Every structure is written in C-alpha cells, then in structure tokens.
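Hello,

Here is the structure I promised to pass on. Please open it first, then read my notes below.

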Amino acid sequence: MALGLGCSAKPGKAKENRTGSWRTFRPEFMHEKCTKCGMCTQVCPEGCIGEDDLGFPVPDYDYCKGCGLCVEECPSQAIEMKKEEK
Amino acid sequence: MTGETCHLFEVGHRACGGCAAALVARTILDAAGKNTIVVSSTGCMEVFSTPYPETAWNVPWIHSLFENNSAVASGIVASLKKQGRKEKVIAIGGDGATFDIGMLCISGAFERGHDFLYICYDNEAYMNTGIQRSGATPYDASTTTSPAGKCSMGNRRPKKDLPMILAAHGAPYVATASVAYLPDLKKKVEKGLQTEGPCYIQVHAPCCTGWGFEGEKTMNIGKLAIETGLWVNYEMEDGKVTRAKKVVRKPVEAYLKEQRRFRHLFKPSRNEAEIAKIQAIADWNAEKFGIDIKLKK
C-alpha cells in the first residue's frame, strides 16, 4: 500500500467500512407511532439515521451497529429491536 | 436512496455500539462547521475514527502524540494568524491525554493565550488501551490498574478538578457538558469558538465497554450522573461560575449500581461506608455549585 504525504487519508474514507455487519439486533422503525421529533437522529452515535421524503426517520442499515440507543431514547416507543436475520 | 445522511463526522467509524465519544465528535463538528481544523491526541477517538487509510473526518484533521496536541494546535493557530486566515482550531483529547499526559502542553498553550478550543471527552480512564485509571477516574471505580478486591475498593483518589485548574490559568471560558444533553453541548462548543482566547470544555462521555453497562444505556447513565450530583454541568466566564444545571438530586447509588466498575460496592454485601463517602462528594458538588432545587412542601 502506497502511503500518502504525511500519511494523509482521503476525507470521510471511513464510509467504505460498512459497520452494519456488526449488528445482531436491528431497530425497526414504526412510522405510524412516530412524531418526527428527531430524537433518534440526534442520539445515533453513528449518525446513520436520515429522513425520507415525508420527514420520517430512516436508518442506513449499511452502518447501523444495532446499539439500541434510539430505541431507549425514543419518547413515543416507535422503534423496536428485532433479531437480525441474515 | 432515502435516508441519506450527511455529517462532517462520517459514518463507518469503528467505535463500539453506543459510544458516547463518537456522539461527542459528531456534535462538535455539527456545531463548529466545515471551516475547522481538528487536532486529536492519541486515544479512543483517534483510534476508532482513523485506522489508516480510513478517516471519518471530513475536515482537516491532524493526529498528534498523547502529550502535545495543544502544542500542535498552538502552532496551527500561530500559522493561521500569520497568514491572516480565519479557520477555527479545536484540540480534542481523552481524559488520559488531558488530565495526565498532556497537562504540560495544555498549561503552556493556555498560559500563552492562543485562540483555540480544547475539548476533553472524559470517559474517566484510559479506555483505548484497556481501562487503566487516569487522573479523571472517580473515587472507588474499579479499573485494571486500580482493581477492586479483598485489599482494595478500587481507585483511592478523587477525580482531579481540571476545569478549575484551567480557569485558574485565566481562560475566558471554561465549561463542562454531558453527552446526555447534546443541544447544551452544541451551544457550549459554539460559545467556546466565539470566545477569543484559550477555552476549555470537558464532556462527560460514558463508556459502555469500560464502565460495564449496555450500549443502549449511554444517555441514561449520563443523565443519572447529573441527577445524582456526581457530574455538574456548568459554565465559567472569566473565572466565575455563571451557570450551573440545577436538579432534584437522587441518591448516588442510582448511578453507581448501574455500572460494573462500582459493582464491588454492592456485592457480596452493601458497603455503606464507601457509598456514604461517594454521597459526600455529590453533596459537596451540590453545595459548591448550588445545584439543588428546593421543592415546595
């Protein structure tokens, strides 16, 4: 592997590392209970929860490690942890 | 794809699930914006965010040694000043790099008065190398170098009061924050960057691996530390405490019993004497900062 000057790396290159494979449980978002408060987006340590066209939170399962912080913090209990099936 | 995310701190970093330090990094960059240069000393955050050739940072980022990140930051600040550039400089260190190893360089940089913001994510031990005690480890916490057992109840020394030490250097803005209150952390980072001169923010960052709790409890543990008075969120401007978060305090055991590092206080039998000593620390914090809310009867 060729080293860059000063061992520099391309900004944001970590995106190639898909941490979703670490997961044993996955958060399932129930949009019918969701109030779009944005808490899950704020507390996700990966920063992998985005929004769909209607403003509902959508996780990026390529990176979600399944820590369950969003489930614990959701004030409307609109997220549930389910066993990962691969 | 729907659900596209865009952050200056990129996805794909290798922090543990539920890591508070990752959340701190993302919040800092959300507050600071893209015209920022970050200096990181060795530590968890450096290791999980930048295993070569990957990096989670979308801003210029430089890795320094454990001891010299504020010296590196000083150099960058001086160079930017000479060039007439306006980028903001943030130095980030863990508690080991800040409280112990980097103390000398931090003290020097604060004394010289460089315009930068130092942020310490305080997970209360050397987590990256395997949970060794640091100057930030609280009283009675069990770590691999202060193990609890027959002859010891864990760490014998209280946590070093670093914010006060740096305030005594004449820092214009010193604050503590917690990962459990992210909007507050964001505001403090913005304020620290706007204030001219060396500023310091210490962020309480519960570590699920080192403290021994489930990853989903990170925020709860952070909240409990504040609700018991063992961590106080406050701001100091020009050496005076101007704001402190008030709470209706809970007994300290609510916080202690949730964590493996304090397990020896409850098993095999409850150690009232040691719990009382920790309660005394919380009582002293409450008195010092006046955080108690008096409930009307």
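Starting with contacts: in chain B, take those between residues at least 6 apart in sequence, and 67% of them join residues at least 24 apart. Please keep in mind that this is a predicted model.

Now the overall build. Chain B has 11 helices and eight strands. Its radius of gyration is 19 Å, close to the 19 Å that the globule rule gives for 297 residues, so chain B is as compact as a globular protein of that length. The C-alpha trace of chain B spans about 60 × 40 × 40 Å along its principal axes. As for burial, 52% of the 297 residues of chain B count as buried.

One helix pair is worth a look. Two packed helices are described by the angle between their axes and the distance between the axes. In chain B, helix α1 covers residues 20-32 and helix α7 covers residues 182-194. They pack at an angle of about 50°, and their axes are 9 Å apart. That angle makes α1(B) oblique to α7(B). The crossing of α1(B) past α7(B) is right-handed.

Which residues make the contact? From α1(B) they are B:T27, B:I28, B:D30, B:A31 and B:A32. From α7(B) they are B:L182, B:L185, B:K186, B:V189, B:E190 and B:L193. By class, this contact of α1(B) with α7(B) has seven nonpolar, one polar and three charged residues.

Best wishes

Key. Residues are numbered from 1 along each chain as its sequence is written. Chains are lettered from A and ligands numbered from 1 in the order in which they are written. This is a predicted model: local features need pLDDT of at least 70, side-chain atom pairs count only at pLDDT 80 or more; totals for chains, interfaces and linings use all residues. Helices (H or I, at least four residues) and strands (E, at least two) are DSSP runs, numbered from the N terminus. The radius of gyration is taken over C-alpha atoms; the globule rule is 2.2 Å times the number of residues to the power 0.38. A residue is buried if 20 or more other C-beta atoms lie within 10 Å of its own, exposed if 12 or fewer, and partly exposed in between; C-beta atoms are placed from the backbone. Two residues are in contact if their C-beta atoms, placed from the backbone, lie within 7 Å. Axes are lines fitted to C-alpha atoms, for helices over the stretch in contact, and angles run from 0 to 180 degrees between N-to-C directions. Angles under 35 degrees count as roughly parallel, over 145 as roughly antiparallel, 65 to 115 as roughly perpendicular and the rest as oblique. A crossing is left-handed if the near helix is turned anticlockwise from the far one by less than a right angle, and right-handed if clockwise. Ala, Val, Leu, Ile, Met, Phe, Trp, Tyr, Cys and Pro count as nonpolar, Asp, Glu, Lys and Arg as charged, and the others, Gly among them, as polar.
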